[in-house]
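Have the viewer open while you read.

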Amino acid sequence: RFIINISYRYVRQSKTMKKHLIGKTDGLKRTEVKEVIKRENDFLTELSSLLGSDSAKLLNVNEWSEDVSIINDVVDWLGFENCKFNSIVHENNGALGGGFRHDNTTILDVGPNCAYPYS
């Protein structure tokens, strides 16, 4: 199974790419980087469609990062039983300085009876 993650925050994502993905965006203007992101999103959306809903789950980071129920739906889709996240851990939160930082405030717990029955 494939979890495919996209984002529609083109301006924000293009700034991040220009800053952190050296080499991939060299020589490109921010508007050109936005077009690259749009084409990548189109490709990933089409890939998800071709793979079908049994094999691929398309997620939009702009939605799941604010709605834990979307993550819980993915956990169910993957086949886990009795698992439920109560909150989302934000390890890469721009509000924390625009980079990777450990989230020390969120308790990560999926429940005491969480199991994957196919292992």
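What follows covers the disulfide, then a helix and its surroundings.

This is a predicted model, where local features need pLDDT of at least 70 and side-chain atom pairs count only at pLDDT 80 or more, while totals for chains, interfaces and linings use all residues. Residues are numbered from 1 along each chain as its sequence is written, and side-chain values use heavy atoms, with hydrogens and water left out.

Take a disulfide as a pair of cysteine sulfur atoms within 2.5 Å, and the count comes to one. That's Cys 83 with Cys 114, sulfurs 1.9 Å apart. The link is right-handed, with 90 degrees about the S-S bond. Cys 83 sits in the loop between helix H4 (68-78) and strand E3 (92-93), and Cys 114 in the segment after strand E4 (99-100), so the bond ties together parts 31 residues apart in sequence. Helices (H or I, at least four residues) and strands (E, at least two) are DSSP runs, numbered from the N terminus.

For accessibility, buried means under 20% relative accessible area, exposed over 50%, and partly exposed in between (1.4 Å probe, protein chains only).

| Residue | Relative accessibility | Class |
|---|---|---|
| Cys 83 | 9% | buried |
| Cys 114 | 29% | partly exposed |
| Glu 63 | 47% | partly exposed |

On to H4: its buried residues are Ile 71, Asn 72, Val 74, Val 75 and Trp 77. Their cover includes strands E1 (2-6) and E2 (56-60), plus helix H3 (61-64). Just past H4, Gly 79 has a positive phi of about 105 degrees.

Helix H3 is also where you'll find Glu 63.

Notes: Contact means heavy atoms within 4.5 Å.
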